[in-house]
Amino acid sequence: MCKVIAVANSKGGVGKTTSAANLGFGLAKKGKKVLMIDLDPQGNLSQSLGIKEPDELEYSLVSVLEKVINNKVINDKEALFHHEEGLDLIPGNIELSGLENMLERVIAREKILGAYLEQVKQNYDYVIIDCMPSLSKLTFNALCCADTILIPVQAAYLPMRGLQQLIQTIANAKRWINPKLEIEGVLITMVDTRCNNTKEIIEKVRQAYGNYVCIFDTFIPKSVRLEEVAATGMSIYTYAPKSKPALAYEALTEEVLSHEKI
């Protein structure tokens, strides 16, 4: 059984793409077959996985989804890139912005990504979708086909305030378009242990949401290593294997794997 996890937050700058990438790498290290989907027009996940100019690609997620829309045959290997650390990627780029507009005229527009995944996910244990930082039609495509949502949230007051709205949006998606949808967990990121109010913010999140949403025990520390690794095309495990972020993402991977047993 393949598990589809969408990594989503309507706010950018919360470590969303970094978390998606290193969770994927972590699962691959554990022997899982992993497919990464870059659903963000900025193409940051694609760049993090070593594609330097995603906007110049001939084949990408857009070319695949256009074939779904036009009911054309799709080769399972089309637009598929294999990373040397053991996972696959369907890259995204700026053309996804144009696809957003095209979806206005498409019947069952929120099910296009799911239709593609139904063709390929039998080859994988996990599909990780890096969503764009907005509640767009593409993001709703992810909500429609995902089994769970992982929500990265920065350990700061203002980003935390938007968490309630996002959780409500996920609840509405579960009610109206995807009854199987659950929240994988809230991942607290960019934690600066030098700030006096960090522990207070984390504790408030646990008190406010911990009774009905999983709050991961693992938190991701703020680190220059995570800023550096994004430009290398490597995982944090390869770039800085003994660093605090590497240990944190390894612990996150273990928590996600533990959910298989629930």
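**View 1. The pairing of strand β2 with strand β5 in this predicted model.** Strand β2 and strand β5 (residues 126-131) pair in the parallel sense over 6 bridges, two strands being paired if DSSP finds at least two bridges between them. Residues are numbered from 1 along each chain as its sequence is written. Because the model is predicted, local features need pLDDT of at least 70 and side-chain atom pairs count only at pLDDT 80 or more, while totals for chains, interfaces and linings use all residues, and side-chain values use heavy atoms, with hydrogens and water left out.

**View 2. The pairing of β2 with strand β4.** Strand β4 (residues 88-90) runs parallel to β2 and is joined to β2 by 3 bridges. In β4, Leu89 is the bridge partner of Met36.

**View 3. The two covered faces of β2.** In a regular strand the side chains alternate between the two faces of the sheet. In β2, Val34, Met36 and Asp38 on one side and Leu35, Ile37 and Leu39 on the other are all buried, buried meaning under 20% relative accessible area, exposed over 50% and partly exposed in between (1.4 Å probe, protein chains only). Strand β2 (residues 34-39) is therefore largely enclosed by the rest of the structure, since 6 of its 6 residues are buried.

View 4. With a disulfide defined as a pair of cysteine sulfur atoms within 2.5 Å, the count comes to 0 disulfides.

Definitions and conventions: Helices (H or I, at least four residues) and strands (E, at least two) are DSSP runs, numbered from the N terminus.
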